[in-house]
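Here is a short report on selected parts of one model. Look at the sequence and the structure first, then read on.

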Amino acid sequence: MECAATGEWRGWREATEEALYGPSGFYRRPEGPAGHFRTSVHASPLFAGAVARLLCRLDAALGHPGALAFVDVAAGRGELVTGVLAALPADVASRARGYAVERADRPAGLDRRIEWLAEPPQGITGLLFANEWLDNVPVDVAEVGPDGVPRLVLVRGDGAERLGEAVTGADARWLRNWWWPPSGARLARTPAPGARPAHEPPPGALHPQGARTSAEVPIAPAEGARAEIGLPRDLAWASAVSALDRGLAVAVDYAHFAGGRPPFGTLTGFREGRETAPVPDGSCDITAHVALDACALPGGRVVTQRAALRALGVSGTRPPLALASTDPAGYVRALAGAGAAAELTAPGGLGDFGWLLQPVGLPDLPDVPDAAPDAENAVLRDALLVDVPDHEEQ
């Protein structure tokens, strides 16, 4: 690629954009993402089935609209949208419209009912689902230099790095608000999984467009500390959510939260199923975990994948041994399903992914989880998973 050939120094965001999505980029290769890493979509059809159940619950909450959209953002080769449409009951499937949003070309043989787009369709009613998309929205990397100032990390096509100019402007404000905040600041709009959600952003919280007036240079730790500047992801998520007139947007990704950011960042690469050094030459995936609390818009809430999938009927519980004697084939099928479910919900693995749930155009839910809700709010609470206890089953 040009970057590797010329030895040009540039920020990680620009280099990653070309390496992943340029004419010879990683995501335009014929094998697709499934040829290099295993997501929840590829792990088991149970995942698509759970998302289909979420779509059905949302359909009920929306009053069974005449056209119900399912938008698969970062669709890969269309595996999730294909599985979701296939798993829908007939009455919902007859009204469902499938959209795959992906920069790569439409794969041969994809169901003709699925519309293939470069951007989400606008003005829709339904479910927008982004599985492992935001971690591939390119971001710049900052590192604290010997002078104590956060500076852009520049990279060549061969992966070599050096420090560039100081981080300023909106990027510096993002770092100050979300990665290196002043001591004691309360900045997160959305809590980490397990915490009670706040209905309004706390004072001084940064909205995705950036609106806080403060010193341009963030308070940062010692020399060598690194951060991924997540502002492009905040903006990308806000843009995706704006496609909905009514419904629910869900972002599923590796995540970290204010107060627990990794001190040296998470930028890495993947090639043929193995983690590798991130080299922006098109030969590998380049990814970094997502500050989902920064991406969240007012009303959003984050739960773990483990909690979300269990609420949607995916459990890793083994079938009773007695089934083996009465229905051996059924026992084997149930055992295989339990194993796949266990992988999707495993602590330390896929189960620790964050699900950012962002309702749009739906009634506010009362913050009274112990009270008996009316029927409508019960459906809405179920649909949006807002009252799911986020703890591990023993």
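E132 sits in the loop between β5 (124-131) and β6. Strands here are DSSP runs of E with at least two residues, helices are runs of H or I with at least four residues, and both are numbered from the N terminus. E132 has a relative accessible area of 12%, so E132 is buried. Buried means under 20% relative accessible area, exposed means over 50%, and partly exposed lies in between (1.4 Å probe, protein chains only). Phi of E132 is positive, near 55°, and E132 is not a glycine.

This is a predicted model, in which local features need pLDDT of at least 70 and side-chain atom pairs count only at pLDDT 80 or more, while totals for chains, interfaces and linings use all residues. Residues are numbered from 1 along each chain as its sequence is written, and side-chain values use heavy atoms, with hydrogens and water left out.

A74 also has a positive phi, about 60°, without being a glycine. A74 lies in the loop between β2 (68-73) and α5 (79-87). Its relative accessibility is 25%, so A74 counts as partly exposed.

| Residue | Relative accessibility | Class |
|---|---|---|
| E132 | 12% | buried |
| A74 | 25% | partly exposed |
| D147 | 44% | partly exposed |
| L88 | 8% | buried |

Next comes D147. D147 is placed in the loop between β6 (140-144) and β7 (150-155). Its side chain makes a polar contact of 2.7 Å with the side chain of R151. A polar contact is a pair of N or O atoms within 3.5 Å; within protein, one must be able to donate a hydrogen and the other to accept it, and residues adjacent in sequence count only if both atoms are side-chain atoms. D147 and E223 are 76 residues apart along the chain, yet their C-alpha atoms are separated by 7.7 Å.

L88 belongs to the loop between α5 and α6 (90-93). Which residues does L88 touch, not counting those up to four places away in sequence? They are A52, L55, C56, A93 and A96. Contact means heavy atoms within 4.5 Å.

Helix α4 covers residues 45-61, 17 residues in total. From first C-alpha to last, α4 reaches 25 Å, close to the expected 24 Å. The expected span is 1.5 Å times one less than the number of residues. Buried residues in α4 include A52, L54, L55 and L58. Just after α4, G63 takes a positive phi of about 85°.
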